[in-house]
Amino acid sequence: MTSKQRAYLKGLAMKIEPVVQIGKATVTPELTRSVEEALEARELIKINVLKNCFADIHEIASTLAERTHSHVVQVIGKKIVLYRESSTKKKIELPREKKS
C-alpha cells in the first residue's frame, strides 16, 4: 500500500464510527471472526480499544491485520483503522500507483 493510498483511507476513516470494540479479553477467535465479517462488508473499519485493555495497541493492530489478511491504515490513540478489499462487493476505489 502506497502512502497516497494510506492518506486517502485515513481521510475516509475520519468520517466513520467504530464498529468493533476490544476489551480486556484482547484478540480472541470470536473477535477475529467479527473483524473478518466487518471487513468483508465494509472494507474500511475502525476499531475502538477500551481503557480496560492493557495489551499494546500496535501489537493488537498487527495481530488483527495478520489474522484477517488486511492492512493497518492507522493507529491513533485507542483507535485502529484496518482496510481489506472485499472479495464480493468492492466499495472503495484506491488511487492508482504511478508507474515510473
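**H69 lies in the loop between helix α3 (57–68) and strand β3 (71–76).** Helices (H or I, at least four residues) and strands (E, at least two residues) are runs assigned by DSSP and numbered from the N terminus. This is a predicted model, in which local features need a pLDDT of at least 70 and side-chain atom pairs count only at pLDDT 80 or more, while totals for chains, interfaces and linings use all residues. Residues are numbered from 1 along each chain as its sequence is written, and side-chain values use heavy atoms, with hydrogens and water left out. H69 has a positive phi of about 55° although it is not a glycine. H69 is exposed, because its relative accessible area is 66%; here, with a 1.4 Å probe and protein chains only, exposed means over 50% relative accessible area, buried means under 20%, and partly exposed means in between.

Is E43 buried or exposed? E43 counts as buried, because its relative accessibility is 0%.

**L39 sits in helix α2, which covers residues 29–42.** With a relative accessible area of 0%, L39 is buried. Leaving aside residues up to four places away in sequence, L39 touches I45, T68, S70, L82, Y83 and R84, where contact means heavy atoms within 4.5 Å. The C-alpha atoms of L39 and R67 are separated by 12 Å, and these two residues are 28 residues apart along the chain.

**E36, E40 and R84 are linked in a network of salt bridges.** A salt bridge is counted when a side-chain nitrogen of Lys or Arg is within 4 Å of a carboxyl oxygen of Asp or Glu, and a search of the whole structure finds 2 of them. Side chains of opposite charge can pair when their charged atoms come close. R84 is buried, with a relative accessible area of 13%, whereas E36 is partly exposed, at 27%. The side chains of E40 and R84 also meet in a salt bridge, at 3.4 Å, N to O. Since E40 lies in helix α2 and R84 in the segment after β4, this pair ties together parts that are 44 residues apart in sequence.

**The largest nonpolar core has 18 residues.** A nonpolar core is a set of buried Ala, Val, Leu, Ile, Met, Phe, Trp, Tyr and Cys residues joined through side-chain atoms within 4.5 Å. Which members of this core touch the most other members? They are I22, V35, I47, I60, L64, I80 and L82. The elements that give two or more residues to this core are β1 (20–22), α2, β2, α3 and β4, and the largest share, 5 residues, comes from α3. Apart from this core lies another core of 8 residues, among them L9, A13, L44 and I92.

**Helix α1 (residues 3–13) has Q5, L9 and A13 as buried residues.** Seen down the axis of α1, the buried residues fall within an arc of 75°, so they line one face of the helix; the arc is that of the directions from the helix axis to the C-beta atoms. The face turned away from this buried side carries the exposed residues S3 and K4. The buried residues of α1 pack against β2, β3 and β4.

**An open sheet of 4 strands has the order β1-β2-β4-β3, with mixed pairing.** Its edge strands are β1 and β3, each of which pairs on one side only; two strands pair if DSSP finds at least two bridges between them. The strands β2 and β4 run antiparallel and are joined by 5 bridges, and the bridge partner of I47 in β4 is I80. Helix α3 packs on the sheet, touching β1, β2, β3 and β4, and its direction makes about 20° with that of β4. For such angles, axes are lines fitted to C-alpha atoms, for helices over the stretch in contact, and the angles run from 0 to 180 degrees between N-to-C directions.
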